Amino acid sequence: MKALKLTTLFLIMSVISSAAVSRSLSKREALTFEINMISKMIKSVQPNIETKKSNKLAADIYYTAKKFNIDPKIMIAIISTESSFRNNVVSSSGDLSLAQINTVVWD
């Protein structure tokens, strides 16, 4: 079920992010554009999230995706599936935070 939800979310976000960045934008404008697109993707899968939180998460996702060469859509799909963008979630198995990381496994 989670795989189906992840796939569906990824496809929806691919449609949303299909707008091309104009080559005439400055680096700063392009960065702002990319972060705004990520924020829109977050809002599309979690409409009730506050804009300030969505923008902060979008920036964090953007920089993390760039650092580790991961598609931001994948990160958004995982976070949406695992925690619905609630960073204080703890599962019954002890998985923590947005992506539900199990610290026992990762230690």
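How far apart are the end C-alpha atoms of helix α2 (residues 27-45), and what span should its 19 residues have at 1.5 Å a residue? The end C-alpha atoms of α2 are 28 Å apart, which agrees with the 27 Å that its 19 residues should span. The model is a predicted one. The protein has five helices and zero strands, and along the sequence its pattern reads α-α-α-α-α.

**Overall make-up**

- Of the 107 residues in the protein, 32% are buried.
- Taking contacts between residues at least 6 apart in sequence, 44% join residues at least 24 apart.

**Helix α2 and S39**

- Helix α2 covers residues 27-45, and its buried residues are I35, M37, I38, S39, M41, I42 and V45.
- An α-helix has 3.6 residues a turn, so residues three or four places apart point the same way.
- S39 belongs to helix α2.
- S39 counts as buried because its relative accessibility is 6%, and the cut-off for buried is under 20%.
- Apart from neighbours within four places in sequence, S39 is in contact with S54, N55 and A58.

**Packing of α3 against α4**

- Helix α3 spans residues 51-68 and helix α4 spans residues 72-83.
- The axes of α3 and α4 come within 9 Å of each other and cross at roughly 125°.
- The crossing of α3 and α4 is right-handed.
- On the α3 side, the residues in contact are I61, T64 and A65, and they meet P72, M75, I76 and I79 of α4.
- By residue class, this contact of α3 with α4 has six nonpolar residues, one polar and no charged.

**P72**

- P72 lies in helix α4 and is one of the α4 residues that meet α3.
- Once neighbours within four places in sequence are left aside, P72 is in contact with I38, I61 and A65.
- Among these partners, I61 and A65 are in α3, while I38 is one of the buried residues of α2.
- P72 and M41 are 31 residues apart along the chain, and their C-alpha atoms are separated by 9.4 Å.
- M41, like I38, is listed among the buried residues of α2.

Conventions. Residues numbered from 1 in each chain as written. Predicted model: local features only at pLDDT ≥ 70, side-chain atom pairs only at ≥ 80, totals over all residues. Heavy atoms only, no water. Axes fitted to C-alpha atoms, helices over the stretch in contact; angles between N-to-C directions. Helix = DSSP H or I, 4+ residues; strand = E, 2+ residues; numbered from the N terminus. Left-handed = near helix turned anticlockwise from the far one by under 90°. Contact = heavy atoms within 4.5 Å. Nonpolar A, V, L, I, M, F, W, Y, C, P; charged D, E, K, R; others polar. Expected span 1.5 Å × (residues − 1). Buried < 20%, exposed > 50% of the residue type's maximum accessible area, 1.4 Å probe, protein only.
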